[in-house]
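Me: I have a few "how do you know" questions about this model. Could we go through them together?

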Amino acid sequence: MSEAAQPKRISRGGMIDRARALSFRFDDRDYTGYAGDTLASALLANGIRRVGRSFKYHRSRGVLTAGPEEPNALVELRTGDRREPNTRATVTELFAGLEARSQNRWPSLALDLGAVSSCFSPLFVAGFYYKTFMWPKSFWEKLYEPAIRRAAGLGRASGQPDPDGYEKSFGFCDVLVIGAGPAGLAAALAAARRGARVVLCEEDFLLGGRLNAERCSIDGSDAVDWVRRVEAELASFADVRILRRTSVFGLYDGTAGSHSASGTRTFGAVERVSDHLQQPPQFQPRQRLWKIVARRAVLAAGAVERTIAFGGNDRPGIMLASAVRSYVNRFAVLPGRRVAVFTSTDDGWKAAFDLSEAGASVEALIDARGEPPASLIEQLRATGARLYAGSRVVEGHGSAGLSGVTIMDSQARRTRLRVDALAVSGGWNPNLALATHTGSKPRWSERIHAFVPDVLPGGLAVAGAARGALTLREALSEGAEAGAAAAEQLGFSGAAGEQWRADEEASEVAPLWFVGESRGKAFVDFQHDVTHEDVALAAREGFRSVEHLKRYTTLGMATDQGRTSALNAHAIMSALTGRSIAELGTPGARPPCTPVAIGAFAGPHRGRHFRPTRRTAGHGWAQEQGATFIEAGDWLRAQWFAQPGESDWQATVDREVKAVRTRVGLCDVSTLGKVDIQGRDAAKFLDRVYSNVFSTLPVGKVRYGLMLREDGFVLDDGTSAHLSPDHYVMSTTTANAQRVLQHLEHARQLLWPDLDVRLASVTEQWAQYAIAGPESRRLLEQALGDALSVSNQAFPYLACAEFRWQGVPARLFRISFSGELAYELAVPAQYGDAAVRAIAAAGASLGVVPYGLESLNVMRIEKGHLTGNELNGTTTAADLGMGRLMSTRKDFIGRVLAQRPGLTDPRRPALVGVRPIDPYSPVRSGAHFLSMGEPPTLENDQGYVTSAAFSPMLNSWIALGLLSRGRERLGERIRIHDPVRSGTDVEVEVVAPVFFDPAGERLVT
Amino acid sequence: MRIPCPYCGERDVSEFAYLGDAGYVRPDPDTADAPRRYVEAVYLRDNPAGPHEELWFHSQGCRQWLQVRRDTRTHEILGLRVAGPTADPEAG
Amino acid sequence: MRYSIFTLARQAFSGHRRWSEAWRDAEPRPGYDVVVIGGGGHGLATAYYLARNHGVSRIAVLERGWIGSGNAGRNTTIIRSNYLLAGNNPFYEWSLRLWEGLEQDLNYNTMVSQRGVLNLCHTDAQRDAFARRGNAMRMHGVDAELLDPEQIRQMLPLLDFDNARFPIRGGLLQRRGGTARHDAVVWGFARAASALGVDVIQNCEVTGFVRQGERICGVQTTRGTIHADRIGMAVAGSTSRVGQLAGLRLPIESHVLQAFVSEAIKPLIHGVVTFGAGHFYISQSDKGGLVFGGDIDGYNSYAQRGNLPTVEDVCEGGMALMPALGRVRMLRSWGGVMDMTMDGSPIIDRTPVEGLYLNGGWCYGGFKATPASGWCFAHLLARGESHELARAYRLDRFASGHLLSEKGQGPQPNLH
């Protein structure tokens, strides 16, 4: 690759692979970088300084940082359905074929018409929108807001389904180390050497942290070599796992809670498995969500350098000093040819040294401090840079990219320097967010002029720069100590052996937040365009707490969460209000520490895998019969079985119903909940959980039961069959199976632990089929043969039996939801498929039809049987016409509270049937009842239709409903009001809630 | 949050169903003031900010009701036993 | 100082140096006619309407931290009146009417934006339940439309229509529903109340009540004792704690509800959408962030933070509904402490303790209620009797059995 192609690339050095040139596109132009580059370093190497436009004023912005805290260099990465808005170029690994576009500009980055908004910037101060856009009223939604919405936002989401996959994984370890800089590596190795199970997470694709960006030595040799040695040793332990490209984004609860040291805590982390590739390899996820359960953790996430607020501090070409060092040393990129450094820290000077070493002309070193350390001044001489001590940069020039800075020296003289890059160092903010996720407040440090961790969540230690210890020497020793201590607290001990030496380094920080003599806008939040003037306005208007400041100005709410600059705003507020920064405090950090793709949290649970799909044993058979399936909770149930030539589903259902009512039908009812109940006190138990009596139920019989909640409302209904002495099997509705089991276990374990009874859910253990219709007995005779006699005498209505059928245990219940002569036959689920085929075969000569949920629903409405539509959690037994099932001879759950006035009020809606006067006028569930002649108001609301269907037997629409004082109103004509579906009301007659075979003769014949 | 089930070991909270206040005692239904006592038992809660005795059901595990002592300010699990007056294995 | 484009322009010429404080940061006085505990939306709205509607002159609002630091600033800013029950619907509809005039009333742009609230349904039973609710709304003159899947596809083509585990079968749309800027609501009420003479007192935590016999006649605070004829609690999230100071035991549990915001992106979603087959709802703020949430974590908590299973559950719902969200990043999460009542509906009533009034139990639906809650609570505090719109929100409904349960889950708050 020629130099010209990458004009800012330094000809040697760096941790890039010059043998692997990678081509990429930015804003439709082709460029080349190297493996090991980030998109930001590759853009800088190609001489591109302006990479985006700001949110409000559309100012040109360039790369500020070399890390995840980047506020400016956000791009739309990739194209089509993989387009990712707001992707930080500073952490995007370059790959061959990468495509990126700048954001928030139109038509192009260079000519952005949105920049016209800068002209109105005197109006666009913090909170201006709260004070205007109010007149005329309708203009807000029609005009102002749509304009604001179009202008707001940064990048564009793809708008298409994400084509990539995501995974989730649990991880368990003794010691989790977060960050693999010097402190983290030392901690991980110390813990590993003592035998602890260690997980080490690093955001970057390289281990080493600041050691990759700086020129340091450990034990007298290059620190990068030390990193490789530690990495190799860690890899040699079987119980150490290194997760690269993995951000730990949140600290959550384990058993330990916020403060206790013992127990566990859960960390959320996201591993970017394939983001450094053009697309994930086959069978690989794009990202993996880790839930890491750790007994101890060491936070070694380093610190982020912060800026200084001065006029035009956002010009492209102005960079944090640490970023400059990273680009020069790690990526072999020279951010500028004529450069200056503006600092209030010792650290800033090192950027000048590195720049000079790399061949840049360092024009000036501007240190706000009057007397910088003599050793640094000495070292600066060699660079030829002019020192401006006690001076400040008051303005950065050049709207498309930095062209110069104006300096004000200690004598208040202004000098303009021509430079194309400025390195800024305002001190360091420890990356302590994880330490505050459970509510701990950080403490202000007067030593480093930043917030540092204070009271820590139990089991978490902080080491190195994350704790405010800014030198390499401290990072190594604190890391080693924290790792060793974590392991030792858990009982691991072993050879120590970690003693690393690093040189002394100057690390003084003097506070400089804002240059008061600034000209032009001084930004304290680059991405949200918050300036020092906005902070002053907030103070003037009373928004003085850091939280009000944040919410009023949107300071620190952008994708970078204000990591490089929000503290500057707090310092300005502190100066304006006379309260110390410590007193003002800092807004609490909340997960995630770094933005995480929503897809990663969802993992594989999307599309058809959103929730598990439960299929019954007879599913395959039903499919062969042409079933259309419908979701019933997680279950799939056959809705109907259409036959060729049927015009619509109604025709199918009419046929199925008629077939059942005249011949025989077969329906899979396996999804209903089944609870096995055993024990000497099982009958007593049933008496207490059902409102009606079960202790009188003989062996071999089934009874319908109604179950209430303790608050007196109906919870569920079903049947219980007395299979043998001390053994029952209960059925529940499909929807409530789990809740009922929990309710029963609560009653058994907590309310009446003295009862000898045991419960087990057997829903999935048994496949169960309803065989219904006048010919159902004949079908069973043919199917069962000698296995069981099913004559009316031997096996009357509500009989049940356990028997063996073809060598398989089986159960038969003579119960009926359809109202026909009917049976339910149950076999162990593994024989379900064979059983349904055997039943169908036995019924073939009788013309058996499979029928689905829809036909079942028609038939149960014809019979006035209840489902979840009626058992909706707000109905009482009396509402449903089941008052007689409220036993007065015994106690049961719900008895006392069911007597409250609100539950016994005679005006309550009661279950009725309704039939339209015109039988073909559709009646729909959810329609409301109105008395004839009364206007449709809430006051006149008389109740509503709970279930409705067209009955092919009655050749009419029929419905069930809850009607105020319903039982007194049989024969009355009322109206059905359904404005959301129909413009005209339907006149209906109130009837008893049973339309077909009211005497129940079919059940018993 | 993780709950150390005495039968299944420490498990993620997503395996458990929550019921709340473990102080619930089902009143005697036959006393004269039963209606008032039932209203209080079913509806009124202590709801402390601090240690809270509460019921969790290990629905995805052993289906045991557990009585957990947990701090509602910090979510720390302070203690745990199998729920129910006589079902505590440690009580013998 | 009246806010308008003209004031703004005038101020711009003077470098914005002459803006006055939005509200007075008042010092507590020894006594008031009414003290409202809680400087959130409800408390500030109560104070405003007490002054505006009832002419009460000596009013203080006591806030433990900074105003709006509780649930007022921790919600997802949705406003709607799509309620089923006759005890709820008129109250929330009145609230929505107040929202519709709030900007003019307060002279503060609270960014009320009626971009619509759409509830999606995924089963026939759910659709019928929506029809029942929509019909109830229409019978009260509230706008409601039942949409079929094709209409929804036209509105929101990025929903998953073709590969969904639980296909979309329809939706209930309230076009007048939408969002408002939550912080601005707090500031707008504070500013308007302050302008009517209300003392807004921050950093003033109530630590106890002053009793005179059976009656409560004041509060002890971290800034001294303050006497008042009537004291109103508007501290949802902390109702049990403050109530306990007065010896109250209430039908309330505190639960944590998490919410989330994504990075700002160009407009993707117009109105508010709720998923009916999982716990997920979403809207997009004017700033561009997708604001979304789901179910409460499901256990008692005062920690204002939740856990990962709920975060995952919400995002699974999001991806199931809108698979285009996959590469959009979650920027921030937060947790609020909800006053969960035993039937899912709020309480605005006297308490058994003379002189003390309760406004609480808003579950996770308090934000939209802010104006009507203040309106009705002010009425109760000024007149001593319930406002007709809040008559169902009685504290004794649990004893009497006149429960107000939209979902019918029974006295188990984490199922509401």
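Predicted model: local features only at pLDDT ≥ 70, side-chain atom pairs only at ≥ 80, totals over all residues.

Me: Which elements does chain B have, and in what order?
Reply: Chain B has one helix and six strands, running β-β-β-α-β-β-β from the N terminus on.

Me: Why is A:Trp106 called exposed?
Reply: Exposed means over 50% relative accessible area. A:Trp106 has 59%, so A:Trp106 counts as exposed. Its place is in the loop between strand E7 (98–102) and helix H2 (128–131) of chain A.

Me: What makes A:Trp106, A:Leu111 and A:Leu113 a patch?
Reply: A nonpolar patch joins side chains within 5 Å, from residues with over 30% relative accessible area. A:Trp106, A:Leu111 and A:Leu113 form such a patch on the surface, with about 370 Å² of accessible area together.

Me: How do you know what span to expect for helix H17 of chain A?
Reply: The expected span is 1.5 Å times one less than the number of residues. Helix H17 (residues 649–662) has 14 residues, so 20 Å is expected, and the helix reaches 20 Å from its first C-alpha to its last. Among its buried residues are A:Val653, A:Val657 and A:Val660.

Technical notes
Residues numbered from 1 in each chain as written. Chains lettered and ligands numbered in written order. Heavy atoms only, no water. Patch = residues over 30% accessible without salt bridge, like charges linked within 9 Å, V, L, I, M, F, W, Y side chains within 5 Å. Areas by Shrake-Rupley, 256 points an atom, 1.4 Å probe, with all protein chains shown as cover. Salt bridge = Lys/Arg side-chain N within 4 Å of Asp/Glu carboxyl O. Helix = DSSP H or I, 4+ residues; strand = E, 2+ residues; numbered from the N terminus. Buried < 20%, exposed > 50% of the residue type's maximum accessible area, 1.4 Å probe, protein only.
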